[in-house]
Amino acid sequence: MIQRIILICFFLLTLIPLSTKALPPPSPAGGGMLQLDRNHDFVATIEAWFPDEEFDGLTAEAWLYFEEPPKPLTFWSIFGQEGRFNLIIHGNGMSLGAWGDSENADGELIIGGQPLPKEKWLHVVAIYDASAGKGFNGMGGNWCCPGGHLIKSDEPLQIGGIVVQDPDQNPFIGDNVKLRGYIDEARISNTVRYVGPKWEIPKGKFEVDEHTISLWHFDEKLGSMRFEDASGNGYNLWRKGLAVEAQRKLTTTWGQLKR
């Protein structure tokens, strides 16, 4: 009996290294991080994110760390809002891609450029000036055709996971698969915050200023279900499933209040 218990304990101990995964070092901003994997594949706002705004300029940025890239003919969504904008990593060439649905402007899609290194914290940026631009670690791609504005969207904002693309107008080649990696210090600003082709990488935590409309530090405990929006605009992020359930309860409550 004792030998059987010893064997079981030994077997369980050998499984621990297989089921646990060492975290990467803290990002240059320090603090915690958002882990995205098969069990925690995205976070999202409960309600539509700024549904009535028509942004003349928008900057979405974050610190990103991944160990294995997406496979060829697949891509990961980092930031996204269905029908409005998306920042991705494409498995073909391991490069950033950015897309924005704008009015009165052409050239919404940009993809390609310098490959992204793995196992390293990267400052990734998408810049929308009624068209899309992207960059990482202080180096930007070319964006063009300023004018117009990003169209409205009544969808939630999502980090990680799969952001739905219009099947008739999908701007990216390949299948949208779920991001596997870590994200820290995600910020969205209602302005073109960086002017390429080079800019200074932010030091320390992102700060709130007059242009910040959403900011998540991800300093909550690893595995948390809710992540606070530090901008003061109240667009907190929730793990998948919880966001859907909370939206259902919010809709039900609102319907009861209107009666």
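Reply: We begin with contacts: two residues are in contact when they have heavy atoms within 4.5 Å. In this predicted model, among the contacts of the protein chain between residues at least 6 apart in sequence, 66% join residues at least 24 apart. As for conventions, residues are numbered from 1 along each chain as its sequence is written, and side-chain values use heavy atoms, with hydrogens and water left out. Because the model is predicted, local features need pLDDT of at least 70 and side-chain atom pairs count only at pLDDT 80 or more, while totals for chains, interfaces and linings use all residues.

Me: In which elements is confidence lowest and highest?

Reply: The quantity to read is pLDDT, the predictor's confidence in each residue, from 0 to 100. Helices (H or I, at least four residues) and strands (E, at least two) are DSSP runs, numbered from the N terminus. The protein chain has 2 helices and 18 strands. Its average pLDDT is 83, and 80% of the residues score at least 70. Confidence is lowest in helix α1 (residues 2-19), with a mean of 42, and highest in strand β16, at 98.

Me: How much of the protein chain is buried?

Reply: A residue is buried under 20% relative accessible area, exposed over 50%, and partly exposed in between, with a 1.4 Å probe and protein chains only. Buried residues make up 46% of the 259 residues in the protein chain. The chain exposes about 13300 Å², of which carbon and sulfur atoms supply 56%; these areas come from the Shrake-Rupley method with a 1.4 Å probe, and for residues only the protein chains shown count as cover.

Me: Which residues touch the most other members of the largest nonpolar core?

Reply: In soluble globular proteins, nonpolar side chains tend to be buried together. A nonpolar core is a set of buried Ala, Val, Leu, Ile, Met, Phe, Trp, Tyr and Cys residues joined through side-chain atoms within 4.5 Å. The largest one here has 40 residues, and Trp49, Ile78, Phe79, Ile159 and Ile188 touch the most other members. A second, separate core of 8 residues includes Met33, Tyr65, Phe206 and Leu215. Beyond four places in sequence, the contacts of Ile159 include Leu34, Phe42, Ile78, Phe79, Ala186 and Trp216.

Me: Which way do the residues of strand β3 point?

Reply: In a regular strand the side chains alternate between the two faces of the sheet. From β3 (residues 58-65), Leu58, Ala60, Ala62 and Leu64 point one way, and Thr59, Glu61, Trp63 and Tyr65 the other way. All of these residues are buried.

Me: Which strands are joined to β3 by bridges?

Reply: Two strands pair if DSSP finds at least two bridges between them. Strand β3 runs antiparallel to β9 (residues 122-128), with 7 bridges; Leu64 has Leu122 as its bridge partner there. Strands β3 and β15 are also antiparallel, joined by 6 bridges, and Thr59 has Ser189 of β15 as its partner.

Me: Why is strand β16 described as largely enclosed?

Reply: 5 of the 5 residues of β16 (residues 212-216) are buried, so the strand is largely enclosed by the rest of the structure. Strand β15 (residues 181-189) is joined to β16 by 4 bridges in an antiparallel arrangement, and Ala186 has Trp216 as its bridge partner. Ser214 also lies in β16 and is buried at 0% relative accessibility.
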